[in-house]
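Hi,

Here's the structure I promised to pass on.

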Amino acid sequence: MDKSKVTFRSGSLFPFQFQYFAILLSIFSLLLLIGYPFFSPLALIPALIIFTGSFGLEILPEEKRYRTFNSILFIKKGQWKSYSDIEKIYVTTSSRSQKVYTRVTEGPTIRNEYYNAYMKFADGNKEFLQSNKHKGALIKNLQKLSDRFGLEITDHTE
């Protein structure tokens, strides 16, 4: 494996509901293995696709290139872009709201504050890194990337 390549996985391509469905598919695949082993891959392959689906950022510092990628079954797809320098890693805040309907037309609205991390390149391009409800956990996840490039994590949340 190339030591100069930096890969930062941001999250899963599929929401948690799909993850639960993939667990059920895996169990079903194991049960099929007992009675009908030839049909077992029919349930296992979609489960593996859901489990391995992720997105993130990959950087080749020696070549000064990066790409945002989508990965399924560990196969990454994304367009490579050139950069001159990485300016900074910074954290911003955003709020998300979700209306939960307990009846047909009424229900509470749940609001959460999220912390979002971005990497800014010298040419002005910004790439999303990760999002988390807890700022401390987000900064901890970014620390390895920050140390690798010798960048300080700038906090724009206050």
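Below is what I found, starting with the whole chain and ending with one residue.

First off, keep in mind that this is a predicted model. The protein chain has 3 helices and 9 strands. If you walk along the sequence, they come in the order β-α-α-β-β-β-β-β-β-β-α-β.

On overall dimensions, the C-alpha trace spans about 55 × 50 × 25 Å along its principal axes. The radius of gyration is 20 Å, whereas a compact globule of 158 residues would come out near 15 Å. Among contacts with a separation of 6 or more, 49% are between residues 24 or more positions apart.

Now the surface and the charges. The protein chain exposes about 10600 Å², and 58% of that comes from carbon and sulfur atoms. There are 21 positive and 14 negative side chains, with the centres of the two sets 7 Å apart.

The residue I'd point you to is glutamine 130, which you'll find in strand β8 (residues 126-132). Is glutamine 130 buried or exposed? Its relative accessibility is 12%, so glutamine 130 counts as buried, the cut-off being under 20%. Its side chain makes a polar contact with the side chain of asparagine 141, at 3.2 Å. Leaving aside neighbours within four places in sequence, glutamine 130 also touches Phe8, Arg9, Ser10, Tyr115, Asn116, Ala117 and Leu138, and Asn141 is on that contact list too.

Cheers

Note on methods: Residues are numbered from 1 along each chain as its sequence is written. This is a predicted model: local features need pLDDT of at least 70, side-chain atom pairs count only at pLDDT 80 or more; totals for chains, interfaces and linings use all residues. Side-chain values use heavy atoms; hydrogens and water are left out. Helices (H or I, at least four residues) and strands (E, at least two) are DSSP runs, numbered from the N terminus. The radius of gyration is taken over C-alpha atoms; the globule rule is 2.2 Å times the number of residues to the power 0.38. Contact means heavy atoms within 4.5 Å. Accessible areas come from the Shrake-Rupley method with a 1.4 Å probe; for residues, only the protein chains shown count as cover. Lys and Arg count as positive and Asp and Glu as negative; His and the chain ends are not counted. The place of a charge is taken as NZ of Lys, CZ of Arg, CG of Asp or CD of Glu. Buried means under 20% relative accessible area, exposed over 50%, partly exposed in between (1.4 Å probe, protein chains only). A polar contact is a pair of N or O atoms within 3.5 Å; within protein, one must be able to donate a hydrogen and the other to accept it, and residues adjacent in sequence count only if both atoms are side-chain atoms.
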